[in-house]
Number of protein chains: 2
Amino acid sequence: MLFTDEYQLTMAQVYWRRGMHDQRCQFDYFFRKYPDYGEHQAGYCVFAGLGWLLDWMTETRFTSEDIEALASQRSAGGQPRFDPAFLEWLAVDGHFGDITIRSVPEGRVVHAHAPVAVIEGPLAMTQILETSLLNHLNYATLIATKASRVADNGRGRPVLEFGLRRGPSTGANAGVRAALIGGADFTSDVGISHVMGLDPKGTHAHSMVQAFMAMGEGELGAFRAYAEVYPDECTLLVDTIDSLESGIPNAITVFGELRQRGHKPFGIRLDSGDLAYLAIRAAQQLDEAGFDDVAIVLSSNLDELALWQILSQIEAEAPRYGLDPDALIGRLVYGVGTRLITSHGCSALGGVYKLVALEHEGVWRPAMKLSETPEKMPIPGRKRVWRLYDQRGLATADVVMGEDEEPDLDADIHINHPFRAAVGRTLAAGSVSAAEPLLEDVLVSGSRTNGRPSLDTMRDNRVADLERLDPGVRRLVNPHRYHVSLSDRVRRLQLDLIAEARNGT
Amino acid sequence: MLFTDEYQLTMAQVYWRRGMHDQRCQFDYFFRKYPDYGEHQAGYCVFAGLGWLLDWMTETRFTSEDIEALASQRSAGGQPRFDPAFLEWLAVDGHFGDITIRSVPEGRVVHAHAPVAVIEGPLAMTQILETSLLNHLNYATLIATKASRVADNGRGRPVLEFGLRRGPSTGANAGVRAALIGGADFTSDVGISHVMGLDPKGTHAHSMVQAFMAMGEGELGAFRAYAEVYPDECTLLVDTIDSLESGIPNAITVFGELRQRGHKPFGIRLDSGDLAYLAIRAAQQLDEAGFDDVAIVLSSNLDELALWQILSQIEAEAPRYGLDPDALIGRLVYGVGTRLITSHGCSALGGVYKLVALEHEGVWRPAMKLSETPEKMPIPGRKRVWRLYDQRGLATADVVMGEDEEPDLDADIHINHPFRAAVGRTLAAGSVSAAEPLLEDVLVSGSRTNGRPSLDTMRDNRVADLERLDPGVRRLVNPHRYHVSLSDRVRRLQLDLIAEARNGT
């Protein structure tokens, strides 16, 4: 439970001292900006991280060691920073059993400014939750989004997640899980594969070839040793010496021996150099040797942009070598490591957790924050989020409405820009084919109510949402801006509160 | 122990099948490129992550659950992927008790291409170690390096690490530890503060002000409530409504009340807007009210570049407002969050773990890897690394030498570029004032021999090394290239092995 920021605890003590700690409140989790990778940008995010957050919330309490650690803290004046009575309260009531969360399910496409999860509970513990919630959801959503982009630019070929070695300490496991939700088909991470019920994937390293070379058996000896142990799933890494001159010819020799013994070799892996060119030349050599069904695994600094470039180059170049580019692309497999697990180009999702309502004297009061920057104003009050689909069945806008509002599909629907006061849009009556509420109960008074969605369910969520996303919003570079909007009522509430706050300071 | 890549285990089984699993070998850990953040670049790294790696190595074994999970894996042909006899061996001998590590100590400055740690042990387990070792050392060194750059551009003012909420799941803890080694003075992370023996730092959030506003008590009410609980360490966040019009005037009111009651207020925090301008205006207001000793905490997307810009702007602008810029800078404190914990601009350190030697029939044989790219060739053989200091006491080069070589300071020392064959440099006899071996025993046959260096020791390592680093290598943008070189003997070995490998394929 000490996996939090100090200020959550010092604020909780202020609330406790004032008797506000059990007042019900609502925080919204949302992000303001899609990941911007520099040369390319996301137009949507894939939500992930919720499952492990809920695990953490339901398993974690203040232990006696935690309380002791807090009791040992001293203020600058030398006194204990935390009142023993507050710590006693924390030891007993310092859990998340009174918290209710409505959330978008994992794997779904989510958008900037619309609440992705709303958290309701007693003020002190809901405040203390902030750090861990953001920590779980921001990183996982960042990586799921990157994985979705990688898969979306890979023409349907398998994506293997290989990033553990460059991932952020034990946090890499959460990143791998998110990658599997977001678009990776498999991972090399043994532990997470077992947790997720997947077969872990891998080939071998240069070191294995080097070891056999140092013993005088050479690359061919290494390949034979590997093929002997894994005759039915033999993928050989061919670039330890020279891919075209040594690795592929040696692999072909070993594949021939496997075939003679009745086995089907799986593939070769290219891990350096000009991957598009080498894939073409490798395919030529393999085809000539009668191995046109052997996969070509590409790895080395892959991400969505690199894949897009490699596939474009193959399409342009393969015909000059007498190869069908579609057939070549159809045998590719991608090993995607560092750039996926660290979200290369954009290393953080700036998701925030903002107080939007507080119950006081039996009445829910909206909470507002002004700011030097209008984009930083959260949307006040308790609310629901509706996704509107057009007549083609594509998502056209996410609309934030009041708790008891519902879109009337038979009337014109006027929606407002989330922070530019004069900007709006009217969806004509009948133009919206369906309205879907996005937030579901996932935790009610501390108990999970969403079961534990399977990996397949979370992946299906993503696939279904991507199919209903405008291609312009999905595109690699400069995506269209998806509309997240406020209902007229929420917009009026926002303007009223801004005026009130500015006057009442 | 399943925190690893599948291929480590499949390779280990190949070694076991061939009876090579207990052959002694040496892997080197090193990185090839300093972090490049786009607009600015690192000229050095600060090494971190070793302590927690050694903890993991000495605490982790294959559990029966791990073995069961591996036993459940099936090959593409349907048979168990792992031989039961191999798994039995793994259950007994699958530990790191035979591994010896010599390493640069944590906190020290390290450079590209020179081994940072050399790992010696039996082939199978030393191979299996790869993933976790890289995972622990790459991320931590990346973050320690970023922290060092932040601190180096902050003119000696305190750096508070605030990044847990945007950090990578539980891995953020390792990042926070690295930040504390690399340059952060304190952190808001409660758990890690306790582990490292530091007081966790924090102020309060906007939500606290919002909560009091929603209850009709306003910002002033929130500030008073906070000051009442923390009268001796009161830092107030002033930008919930409007920093200059509301937050700072309200803070001054509360500070006055605190002073009347005999307390000394600590500071205000600015978290949005033009931080340089607001710091100047805040200082003016605080000075006029008699609080010229109150700290100004800056946060919001800070990193080394932002700090450099803010401090430059303060130096240029403060005099126009009648303020002494040095006095103003002397009251600043930096809260550095997202951009530190995620190493904004460069989200991975590409550290690698390469086989460099293998014992075979009682003889150590160097291991070589060729590659499409010459920079990717590791330096073969068992070796030591020496740091040479010039007559000013500044580090002038790190030289990789053979195991039994030692620099002769009384003779000319010829050193060679690590991968450009014809490039070298001669250090004239007498020009080198000292030669220091960089690698120390930290793990001998699975037992820790370096104690557990304290945080202060690791920080002292960094400070001492930075003082002996050429200012050009430390600089923010386009740093000088520090020389990492090979002795003549290591260079010859490398060239011989390249020729041998190219001929012997």
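Let us begin with A:Tyr226. Setting aside neighbours within four places in sequence, this residue is in contact with A:His204, A:Met208, A:Cys234 and A:Leu236, and also with B:Val14. Please bear in mind that we are looking at a predicted model. A:Tyr226 is among the residues with the most contacts inside the largest nonpolar core, together with A:Ala279, B:Tyr226 and B:Ala279. That core has 329 residues.

Chain A and chain B each contribute 95 residues to their contact. On the side of chain B that touches chain A, several elements supply at least two residues each, including H5, H6, H7 and strand E12 of chain B. Which helix gives the most to this side? It is H1(B), with eight residues. By class, the side of chain B that touches chain A has 36 nonpolar, 40 polar and 19 charged residues.

H7(B) also packs within its own chain. The axes of helix H7 (residues 171-182) and helix H16 (residues 455-467) of chain B come within 8 Å and cross at roughly 55°. H7(B) is therefore oblique to H16(B). From H7(B), the contact involves B:Leu180, B:Ile181 and B:Gly182; from H16(B), it involves B:Leu455, B:Met458, B:Arg459 and B:Arg462. Sorted by class, these are four nonpolar, one polar and two charged residues.

I turn now to the sheet of chain B. Seven strands form an open, antiparallel sheet, in the order E13-E12-E1-E5-E3-E19-E20. At its edges lie strand E13 (363-366) and strand E20 (447-448) of chain B, each of which pairs on one side only. Helix H2 (residues 50-59) of chain B packs on this sheet and touches E3, E19 and E20 of chain B; the direction of H2 makes about 20° with that of E19(B). Within the sheet, E3(B) and E19(B) pair in the antiparallel sense over three bridges, and B:Ile101 stands opposite B:Leu443.

Finally, consider strand E3 (residues 100-103) of chain A. Here E3(A) pairs in the antiparallel sense with E5(A) over four bridges and with E19(A), also in the antiparallel sense, over three bridges. A:Ile101 has A:Ile119 as its bridge partner in E5(A) and stands opposite A:Leu443 in E19(A). Which way do the side chains of E3(A) point? A:Thr100 and A:Arg102 point one way, A:Ile101 and A:Ser103 the other way, and all are buried.

Thank you for your attention.

Notes: Residues numbered from 1 in each chain as written. Chains lettered and ligands numbered in written order. Predicted model: local features only at pLDDT ≥ 70, side-chain atom pairs only at ≥ 80, totals over all residues. Pairing = 2+ DSSP bridges. Contact = placed C-beta atoms within 7 Å. Axes fitted to C-alpha atoms, helices over the stretch in contact; angles between N-to-C directions. Core = buried A, V, L, I, M, F, W, Y, C linked by C-beta atoms within 7 Å. Buried ≥ 20, exposed ≤ 12 C-beta atoms within 10 Å, placed from the backbone. Parallel < 35°, antiparallel > 145°, perpendicular 65-115°, else oblique. Nonpolar A, V, L, I, M, F, W, Y, C, P; charged D, E, K, R; others polar.
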